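Dear colleague,

Please find the structure below, together with the notes I promised. I have kept to what could be computed from the atoms.

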Amino acid sequence: MKTEELFGNIIPDSVDRQVSFSARQSIKEKLWLCLYFPNLVLEALSLPEPELQPYVVYEGAGGQSMIIDVSLAACSAGVASGMTVGAATVLCPALIAVPRKKKLEKKLLRSVASWLNQYSPEISSAETSSKKTLPKNTLLVEIGSSIRLFGGISPLLYIIGSGLNKNFSLTSKSAVAPTPVASYLLAKNIDFYLAESKSKNKKNEVLVIKDRSSLRSILGKLSIADSGLADKAVKQLYSSGVKVLFDMWRLPRAGLVRRFGVELLDWMDRVLGFEEDIQVYYRAPETFVKELALLQEATTTEELKPVIYKLLNYMIRFLREQDAAIESFTICLKHEGDKISANTIRLASVTRDKERIKLLINEKLGSIRLSQPVLGVGLQATEILAFKAETSDLFAFSTESCESRIDHQSWAQLIEQLQNRLGLNAVQFIDVVSDHRPEKAWCYRKKKPLKSKKLLPLLQRPLWLLSTPQSLKSRDGCLYYKTNILTLVKGERIESGWWDGNDIRRDYYVARDNFGGQYWVYRNLNSKTEAARWFLHGVFA
């Protein structure tokens, strides 16, 4: 996208202002990029060969089907917006009429807004606009705070323009101005301004107005009919002799309020920047959901891979736009009769690494056996987490530290692959629980335990615990285990569990036999008979 700063020096600002700009300098200066999509209604339908086929999009109005958007081929045949479908068919017998789908328009515009989030967090649309004056085919992006980050306004506009062309099949008109309404007016009427400037490359130019004091002179030549005002206000202004915005700038403010109401004055002040135009910003969805229909039924998982990889690209792009990552996601396979089979993939750690996720998808698909043909595929990620880039010590030049980091990553990826191939229950982590009772002081977890847990004081306990404590024999004051005499060393007393009905009172000892083996034994203080007092609970490695 080629950018040029037009009109900044071409049109002199020689008209006296009714309100002094110096009195309004406290308003924070911003720069708004307006992206105006004139053919959103048609392009949201993703029709085949839109440049060659005579398409029209219609909507019911007053019992008739009124055309609201036309393709280039239909326009060449004399069809225009505002006609009925019947009248247009007379002009173009090969006309293809398609009903409007507002949901697709909203979905496409939200996708563009989510994509723009990587360049600015301040994005406004018709859905979020507080004044409800922004058209439904327009997006506003505050780029003033991003200019320095991207090396200037021209590189930033080029990146946004080329990204729009690459990722979305949308015709757009763009302009930059210090106020939201002014940027919209410039973008909508860009052809008028480019014709005045005699620009040769009219398709890819962006109007850039940085100086707020230039808005009066630049916007002044616009017709009232192209101002975006309501039809009633336009008619009233025309009947009063106001043809262009220059005429309205010259009118006394008190007279404007008396004749046309305070709303018109409010609009004028927001256009020129006398009053701050507060916007409500778009917030991207906190989940990723994308579905694609298959051209033909798939009976093997190999046939699903190209579609899933395409969905993966969408998900990675979404995560990068939100500076986010995932810890799990779900592949949804749609079968006949709207039956859905969900296959969840969990990762050992938060990531957005495409190749790593792709490897896990292959592992998962290798374990899936399709019982019926697949008609469509979906990808869902409901837990979107903040992305944390992996860091390492800048001065850690030793090969030991590098190898340790690589081993840790390889180990984590091995666990991911095993879990997704064998199932989550087949490969689990061991975690500690804040409980003094040994048999309840640990548990299995499907996710990696957090390191920041507050643990009980470290005591001498074995890793190997018997599932059921084994009773020990006692003869002549000595304990025996497999005919070996045990020598006891005092360990700890545990009295706990009274609150859940599993009350224990035990004295634990570290016991050694004649051959150097170490065991963990306890005396049950709740036992009333000496014969049932001593138990073996664990073995030290």
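A search of the whole structure for disulfides, meaning pairs of cysteine sulfur atoms within 2.5 Å, finds 0 of them. Among the cysteines, Cys-75 is partly exposed, with a relative accessible area of 44%, whereas Cys-332 counts as buried at 12%. Here buried means under 20% relative accessible area, exposed means over 50%, and partly exposed lies in between, with a 1.4 Å probe and only protein chains considered.

Please bear in mind that this is a predicted model, in which local features need pLDDT of at least 70 and side-chain atom pairs count only at pLDDT 80 or more, while totals for chains, interfaces and linings use all residues. Residues are numbered from 1 along each chain as its sequence is written, and side-chain values use heavy atoms, with hydrogens and water left out.

As for the chain as a whole, 43% of its 541 residues count as buried, and it has 15 helices and 22 strands, these being DSSP runs numbered from the N terminus (H or I of at least four residues for helices, E of at least two for strands). The chain exposes about 30300 Å², of which carbon and sulfur atoms supply 53%; accessible areas come from the Shrake-Rupley method with a 1.4 Å probe, and for residues only the protein chains shown count as cover.

Strand β5 runs antiparallel to β6 (residues 138-142) and is joined to it by 3 bridges, and Ile-123 stands opposite Val-141 in β6.

Elsewhere, Ile-67 lies in strand β3 (residues 64-70) and counts as buried, at 2% relative accessibility. Leaving aside neighbours within four places in sequence, Ile-67 is in contact (heavy atoms within 4.5 Å) with residues including Val-56, Tyr-58, Val-79, Met-83 and Ala-88. The C-alpha atoms of Ile-67 and Arg-100, which are 33 residues apart along the chain, are separated by 9.4 Å.

Finally, Leu-418 is found in helix α15 (residues 399-422), and at 30% relative accessibility Leu-418 counts as partly exposed.

Definitions and conventions:
Pairing = 2+ DSSP bridges.
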